[in-house]
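Here is a short briefing for a reader who has not seen this structure before. Please look over the sequence and the model first.

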Amino acid sequence: MRLRTLSLFILSFFYAFSLLSEEFHLGMAGYTFVKFDIEKTLSFMQKIDVRYLCIKDFHLPINADAAQIAEFKEKLAAAGVTGYAVGPIYMKDVDAVDAAFAYAQRVGVDLIVGVPGVWGDEKPRLDVLDRVEQKVKETGIRYAIHLHGPDMKLYPDATSIWNDVKDRDPRLGICLDIGHDLRAGADPIQDLKRYSKRVFDIHLKDVTEGTKAGHAIELGRGAIDFQKFVKMLRKVGYKGSLSLEYEKDMSDPFIGIAESVGYFKAVMQK
């Protein structure tokens with residue numbers, strides 16, 4: 001009995017150590033809380049013990065001044081939450097690019113999740129993408145292009161982004177939305193493997209099926225194999241955030257978010 005207890009203790013110790021040594025971390029995509037203010041958002045994040053947030057401009061306006069940003073950051077600090085990036089931000093022209101990078105600099109983050117174009121575009125706006133690359137070089141802030149699956153012709157999957165960034169500055173990369181990638185007919189686990197050097201951010205999402213008809217569902221109930229996904233994260237040495245973007249029941253998402261976070265933490269432990 002003592003030997004069994006000692007064995008369990010040793011296993012628990014090494015498990016806890018492995019979690020501490022994990023190079024990626026769980027976060028929340030700000031869009032999940034589009035219908036809630038930052039106070040409600042942070043209060044709930046504390047309850048589910050998720051400590052990283054990708055900041056959306058409905059919580060902190062893109063034209064926020066120093067005083068507004070300081071007040072916002074005080075709220076995050078009081079809740080034990082780190083704002084690790086801003087976005088997604090849609091950029092219709094070079095002025096929007098300049099505004100987004102100035103915003104990121106004022107907030108003090110080193111990553112922008114963005115789209116060099118707007119909804120309805122079929123091709124990337126090369127003048128916008130060129131300006132993004134220029135600003136990346138000037139500021140050192142990384143830029144991760146968000147994919148939107150078959151709902152948006154511009155950047156439906158990871159490969160479409162890769163094709164536009166592979167020959168550009170290595171700080172231009174991908175926000176891999178695994179649910180939308182699957183809905184576009186791609187394999188998000190293999191895309192993580194193929195493009196890992198350019199995957200700077202990941203949106204955690206499960207969907208009912210790998211077609212345009214697929215819709216958001218709690219993690220573990222849909223078509224994505226999260227055990228294989230976590231194994232691939234560790235295999236490629238992913239070091240960024242995994243931000244849950246929960247798009248089901250958005251007027252009352254809290255039970256579904258809690259279930260999804262609990263499920264993903266359990267998969268990581270297993």
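This is a predicted model: local features need pLDDT of at least 70, side-chain atom pairs count only at pLDDT 80 or more; totals for chains, interfaces and linings use all residues.

Residues are numbered from 1 along each chain as its sequence is written, and side-chain values use heavy atoms, with hydrogens and water left out. The protein chain holds 10 helices and 10 strands. Helices (H or I, at least four residues) and strands (E, at least two) are DSSP runs, numbered from the N terminus.

**The chain as a whole**

- The radius of gyration of the protein chain is 19 Å, close to the 18 Å that the globule rule gives for 270 residues, so the chain is as compact as a globular protein of that length. The radius is taken over C-alpha atoms, and the globule rule is 2.2 Å times the number of residues to the power 0.38.
- Along the principal axes, the C-alpha atoms of the protein chain fill a box of roughly 70 × 45 × 35 Å.
- Of the 270 residues in the protein chain, 49% are buried. Buried means under 20% relative accessible area, exposed means over 50%, and partly exposed lies in between (1.4 Å probe, protein chains only).
- Among contacts in the protein chain with a separation of 6 or more, 77% are between residues 24 or more positions apart. A contact means heavy atoms within 4.5 Å.
- The protein chain has an accessible surface of about 12,800 Å², and carbon and sulfur atoms account for 53% of that surface. Accessible areas come from the Shrake-Rupley method with a 1.4 Å probe; for residues, only the protein chains shown count as cover.
- There are 37 positive and 38 negative side chains in the protein chain, and the centres of the two sets are 6 Å apart. Lys and Arg count as positive and Asp and Glu as negative, while His and the chain ends are not counted. Each charge is placed at NZ of Lys, CZ of Arg, CG of Asp or CD of Glu.

- Strand S1 (residues 25-29) pairs with S10 in the parallel sense over four bridges. Two strands pair if DSSP finds at least two bridges between them.
- Ser241 in S10 is the bridge partner of His25.
- Strand S7 (residues 199-204) also runs parallel to S10, joined to it by four bridges, and Ile202 stands opposite Leu242 in S10.

**Other covered strands**

- Strand S4 (residues 111-115) is mostly covered, with five of its five residues buried.
- On one side of S4 the buried residues are Leu111, Val113 and Val115, and on the other they are Ile112 and Gly114.
- S3 pairs with S4 in the parallel sense over three bridges, and Val86 stands opposite Ile112 in S4.
- Six of the six residues of strand S6 (residues 172-177) are buried, so S6 is largely enclosed by the rest of the structure.
- Strand S5 (residues 142-146) runs parallel to S6, with four bridges joining the two, and His146 stands opposite Cys175 in S6.

**Backbone details**

- The peptide bond from Gly87 to Pro88 is cis, with omega near 0°. Pro88 lies in strand S3 (residues 82-90).
- Asp49 is not a glycine, yet its phi is positive, near 55°. Asp49 sits in the loop between helix H2 (38-48) and strand S2 (52-55) and is partly exposed, at 45% relative accessible area.
- Asp249 also has a positive phi, about 50°, without being a glycine. Asp249 lies in the loop between S10 and helix H10 (254-269) and counts as partly exposed at 46% relative accessibility.

**Two residues in their surroundings**

- Leu182 is in helix H7 (residues 178-183) and is buried, with a relative accessible area of 16%.
- Leaving aside neighbours within four places in sequence, Leu182 is in contact with Pro188, Val207, Gly210, Thr211, Ala223 and Ile224.
- His215 is in the loop between strand S8 (206-207) and strand S9 (216-217) and is partly exposed, at 48% relative accessibility.
- Apart from neighbours within four places in sequence, His215 is in contact with Asp206, Val207 and Thr208.
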